[in-house]
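Please walk through the main features of this model, with the cut-offs stated.

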Amino acid sequence: MTRKEKWALAMPGPTSQLGQIIIHNVLMKYYTDIIGLDAKFIGWVYLIYNIWNAINDPLFGVLIDKMPYRPKRGKYVYLMRVTTPVMLLAMVGMVLNSPSWNEWLIFGLLTLELFVFDTGYTAYSIGYNSYFYIKAPTAADRVNVDTRRVYLANAISFLATLIPTLLLVDNKDPKLIIPALLGVVAVDAVLMFFSLRILKESEDIYKTIPVKNEKVNYKETLAAAWGVIKAKAFWTYLLFFITARGAISYYFTPFLYYVDHVSKASEIEATIADVLPGLIMLALLPLITKVIKHVGSKVAILISYIPALMGFAGLFFNSNIVNVVSCYVLIILGKNCMEVACTPINGALIDDDEMRTGERKTGLVGGVFALGTIMLTSIQQFVFSNILSAYGYDAKNITEQAILGIRIGTCLVPIAFFLLGLIPLLLFPINKKREDELSLFNKTQREAGNRQEEA
């Protein structure tokens, strides 16, 4: 892949995730502190949202796998283009809900808006991931592109997370927050439009994808899904993902509560605590990438455990903002090392299934994986929101008991999930040698189509 192709392939992922960042990292504190919705309602909203997310992923995955390429429209890139406006309009609706409305009305509207957003995002992300694993066939290609995605994602997430650190910590003026969030949505619209304009889609690449037929046979689909689930690589990675990976991915919302009420940081201090660890991580990212390529994904994930656990443990015993920043440097290093290392594994599961069955089922593998992960990884948010409620969290009256609840939810819960996830990770069978074998297989399968496309 050329440098230009790597950047073009990297862009659509981070631009679409800006909405996810707002929903999963900003929206909870926005709704508890500005809209005034009880934290337990937020927990139930996200539980319903994630149940629907888990249902629609395998359903959409199967349909998209079977969907034919249409010369005038395309397939994967076309899906991404038509679902983008749906996501953007749903995000606007979430921002504009009013604190003066009845609590149950807010609950219902937020649930509906998340439903609409997720329906669009599911189709978009399946289309993007399917396209990504075809255009980047080897583990090395995927790490190279994902490194670029990390740079782009951090630049974009900086824009999204700047709002809560500046406006939701030590400052609760909705007159500033609402226009700022709407501005982020507008910037996201421009970025998504540009990133999708530069993607090229050719019928030739689809000629390399073995699909038995274009009609959905539900009996065959269930049999194929069971074949995916019982593969040792799949179920061990799934169990790791819903425990350790889920715990470290859900760090920013607890971070907002921690710096606001435990550290009692100003908005500027909170912004520095958010930005500085990311900048240090980006400086070390080339080294992280080299380590992952050298030792393989599984070993790299085990290495990422060390800084992450040190960071969460240190955070529990600290409140001074300088020490908190140091702990978050370790957490962010562990998080990004783990996430970049997981990218080749996600593709390797699809490649492994194709090697065993002779059919490429990107959507089905991703959908079955989502069915197992989305409902269960939502437990992180459900547990945290209910800990806040149980310990009496009230943004207008923060007690010592509420602060203890924030400490437990921010630090001890991730540590417990991390240790639990270590067991399936050690059992995971795809090591560096197997990763290289799958890369060679996928590259060989895709080469013929790539040569036709270039011609």
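The model is predicted, so local features need pLDDT of at least 70 and side-chain atom pairs count only at pLDDT 80 or more, while totals for chains, interfaces and linings use all residues. Residues are numbered from 1 along each chain as its sequence is written, and side-chain values use heavy atoms, with hydrogens and water left out.

The whole structure holds 8 salt bridges (a side-chain nitrogen of Lys or Arg within 4 Å of a carboxyl oxygen of Asp or Glu). One of them joins aspartate 351 to arginine 142, at 2.9 Å from N to O. This pair links distant parts of the chain, helix α13 (residues 321-357) and helix α6 (residues 139-167), 209 residues apart. Aspartate 351 and arginine 142 are both buried (under 20% relative accessible area; exposed is over 50%, partly exposed in between, with a 1.4 Å probe and protein chains only).

Arginine 356 is partly exposed at 43%, whereas aspartate 352 is buried at 10%. Both belong to a salt-bridge network that also includes Asp353, Arg434 and Glu437.

Helix α15 (residues 400-427) has a kink of about 35 degrees centred on isoleucine 408, the bend being the angle between axes fitted to the seven residues ending there and the seven starting there.

Finally, α11 (267-295) and α12 (297-316) each supply at least two residues of a nonpolar patch. Helix α11 gives the most, 8 residues.

Conventions:
Helices (H or I, at least four residues) and strands (E, at least two) are DSSP runs, numbered from the N terminus.
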